[in-house]
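The briefing below is organised by topic.

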Amino acid sequence: MRAEHIRNFSIIAHIDHGKSTLADRLLERTGAVEARDMQAQYLDSMDIERERGITIKSQAVRLQYTAQDGKAYILHLIDTPGHVDFGYEVSRSLAACEGALLVVDAVQGVEAQTLANVYLALDNDLALVPVINKIDLPAARPDEIRQEIEDGIGLDASGAVLCSAKSGVGIDEVLEAVIRVVPPPHGEADGPLRALVFDSHYDAYRGVMVQVRIVDGRVARGDKVYFMYTGGDYEVLEIRVRTPKEVPVDALELGEVGVLVCGVKSVRDVRVGETITHHKRRATVPLKGFKEIKQMVYSGIFPVDSSDYEQVRDAIAKLALNDSAFTWEPETSSALGFGFRCGFLGLLHLEVFQERLEREYNCTLITTAPSVVYKVQLLDGTVMDLSNPGDLPPAGDIDFISEPIVRATLHTPSEYIGAIVGLCTERRGAQKDLRYMSQRRVVLEYELPLSEIIFDFFDRLKSATRGYASLDYEFLEFRRADLCKLDILLHGDIVDALSVIVHREASYQKGKSLVHRLQKVIPRQQFDVAIQAAVGARIISRETVRALRKDVTAKCYGGDISRKRKLLEKQKEGKRRMKHVGMVEVPQEAFHAVLSTDED
Amino acid sequence: MTPSCWSVYVHFPYCAKRCAYCDFATAAVRDIPRDRYTRAILRELALRTATLEPAPIATVFFGGGTPSLWGPAHVGTVLRWLDDWGGLAADAEVTLEANPGVLEAGDLDGYAAAGIHRVSVGIQSLDAGRLRWLDRVHDVAAARATLADLGRLLARGRLRSASADLMFGVPGQTAADLAHDVAGVLDSGVPHLSAYALTVEAGTPLQVRVERGLTARPDEDAQADQLDALPGLVAPWGLQRYEVSNFARIGHEGRHNLAYWRGNFWLAVGMGAHGFVPASTHDPRHAGTRYGNVRDHEAWLDALEGGRVAEALHEDIDLDAHLTERVMTGLRLSEGVDLVALADRVGLARVDALRARVVLAQARRVPVELAGDRLQVAPSAVRLLDAVVRAVA
């Protein structure tokens, strides 16, 4: 297949605007998937992806389509992750494309998430095909939406395709527009091989499956290849394309997208953004845009029942096989026993990982409050990386502490500027820029401590702007700050897993609200439980969970026994999810009390 | 495993009126089908005993509902059937539950003549306001008259024992109020008292009232204090706590209920009745079979008239579940759980594992004790019993 008959594209859409349905429809129309095999949201294969309506792993499918010009085309639809945690992965997936469908809901119009991804696409020089979806809804207003796309994004929407992915209207027009608007791949067909790695995953039988897009040259089975950034030599054992069933092929030509099996043992040996070339005939320059993945957020993962340690370790090891962005190492906590310190790209990454451990591997876990990495300058001149607040050395040994600062870019309609400025100021942000992109669109740039945005910043932002603002951030630098450790004592003992690093000025308020929230989630026990917050030796807040006075069933006769036993077994199941910290039974949610800052 | 003697529970579901707090298997109907019900009971006894080894009957309990509405003749018929099957033991305890509101003078004499040895009456309170609050059909005068009747029958030897139920921890009820009720009951000479903390059960009118805020929720602290106070309140009459809610003079403990708490087998018949019999599978991994009859009296009657039993529950209790039940019910007793007897039923390994859990729980200061081969809860910790059970069962 010659490159001029290839089109590589992705789909940009706000959540619920019909991206997955449209992808399903395109697969069906091109015969890739029979209607009877159709399972809604075909591309989102993980349960969690389907439930949350988000895509975590990139997927690429090859579609065969004979256009109205009578020619046969190959279309590669590259589905991309859709969350700020995975911004880098999105950018590499987009770099594998020449164009994108910009799907906008015919009723709701352009929304924030759409915009953030549009900017990413424009950064990658993609041709955009505006598609107005759900035009069969009674409230559809395609003309106004067209105007919104032109005003809000600055994109010519006169040729926008009107469709309804749900009922199948306009699907041919979408495909024709892809052929017409998205340029064919351009590159040096005879040049040295350069293949962009945009994702990889682990297969128990074949090892790592590397998803690539051929930018220059071609690759064939049996070729010896070289990974330009990480420096590994491999042999291409197999090449496959997904239609979406996996089909073996002999070679991938310029512009094609496929999966290489080349004996890579670990996903860690293949970085997203890597450039693959030939071992002998090497390209001189790798493709632009490679970045080392950096874990932004760390959290402790502990089995509730310490005898499950091995089960949890094996489950984490299995999930880690497929997640190159995840790091882990053993950790011990005096409160929680043996567990693991785990690094994540962001909170969503953490939540999804934890959920998969619980659901797919049936682990019962406690995860501690997420923390960023701090740099601690000690008086003896050494600098330590602190990813676990419990490990902070005594105050007397510390010269100062630096925290990670990010540069955050927020796109918002102008009416929400006030709300965003208020939120960023509250989170110790410093405004660096405020530009009007159009009359209604504003870009704000802030320097913010990472610790202030990993918790509930994104949720607060969404509610303050009704979801219209978008957030993107990148690491800037470590900056010295007046930070201290806030300890929580239960029944007189410090619980290391509940310690958090906080800004000193906010420590009193944080301590008070944390103690208050813990008092609500810690159940009454057989004795009074004091909950205290302390900075150093100074107690700054205290509340008591009063002892349980009565916990006994009044009547238990012959007819009650089965029912009461079943109730007891259920309660014991709930108890298994409690952790004994010293004498005190602490439920899982207590370890996340620090996450929510809303007073209720 | 065949028991050397049997306990038999006979349920009579009919009531004159349904009480606000009651979640038992009851039916309040205008015309009670007494004859039809008796025929069905005899039918069920025949069906259920067909596969059981006859053995002497140590206890019989007529519960309800309000079995004192059944009539001495019907109760006598059932007792004669049981005597023909396994034989009523000479010292058998035969109990009838009675409700003061529907007892006429002389009724109890009739039941005593029909073979009832022990009567258990639902007094609940001797305070007019609280009886109204509880929606009871009887008033204070009826309660006192019933107590006087019991005293007379006990004194004349027409009854071997008797018991009265009281409710405590009712919103507004003080410790002095409870002491007044206890004294009023025990002064009659009744040697056994059941005192229950008012519990808001799911699906009762009381629950609806509490949830709508029309009625105060029972106060936990008051209930805890009253639970702790009860042994002292009953002591002047020679009664002791032998179960969370049950107090008796020595020798007057309810033997039928002890069979439940000690994990013995019992046969049960009647609408909604639950029994526990040797496992029908003869599988050594099962400690027994528990069944529960349907709670709809028409469905239960229809099934038996068609020659079969209608069960809503039928489960084989495996050894682990049996151990859980034994701990759950046995710790309710002051005597505790006999671990040697338990090991006979469920095996030594399970009992050893239980001992290990006990040691761990003790390290966390859970108030559970091993006294020789008996597992017990300290008297002061009775009010926290369920938490103890969760920690060790």
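Which residue of chain B forms a salt bridge with Lys566(A), and how far apart are the closest N and O atoms? The partner is Glu315(B), and the closest N and O atoms of this salt bridge lie 3.4 Å apart, where a salt bridge is a side-chain nitrogen of Lys or Arg within 4 Å of a carboxyl oxygen of Asp or Glu.

This is a predicted model, in which local features need pLDDT of at least 70 and side-chain atom pairs count only at pLDDT 80 or more, whereas totals for chains, interfaces and linings use all residues. Residues are numbered from 1 along each chain as its sequence is written, chains are lettered from A and ligands numbered from 1 in the order in which they are written, and side-chain values use heavy atoms, with hydrogens and water left out.

**Interface of chain B and chain A**

- Contact (heavy atoms within 4.5 Å) involves 45 residues of chain B and 27 residues of chain A.
- The area buried between the two chains, that is, the accessible area (1.4 Å probe) lost on putting them together, summed over both, is about 3500 Å², and carbon and sulfur atoms give 53% of it.
- On the chain B side, Glu220(B), Arg364(B) and Arg390(B) lose the most area to chain A, together 19% of what that side buries.

**Polar pairing and composition**

- The rule finds eight salt bridges across the interface of chain B and chain A.
- Between the chains, 27 residue pairs, both at pLDDT 80 or more, are in polar contact, meaning a pair of N or O atoms within 3.5 Å, of which, within protein, one must be able to donate a hydrogen and the other to accept it, residues adjacent in sequence counting only if both atoms are side-chain atoms.
- Helix H8 (220-234) and strand S14 (311-318) of chain B are among the elements that each supply at least two residues of the side touching chain A, and H8(B) gives the most, with seven residues.

**Arg62(A)**

- Arg62(A) lies in strand S2 (residues 59-66) of chain A and is buried (under 20% relative accessible area, 1.4 Å probe, protein chains only), with a value of 10%.
- The side chain of Arg62(A) makes polar contacts with the side chains of His76(A), at 3.3 Å, and Glu256(A), at 3.0 Å.

**Gln532(A)**

- Gln532(A), placed in strand S30 (residues 529-535) of chain A, counts as buried at 14% relative accessibility.

Notes. Helix = DSSP H or I, 4+ residues; strand = E, 2+ residues; numbered from the N terminus. Buried < 20%, exposed > 50% of the residue type's maximum accessible area, 1.4 Å probe, protein only.
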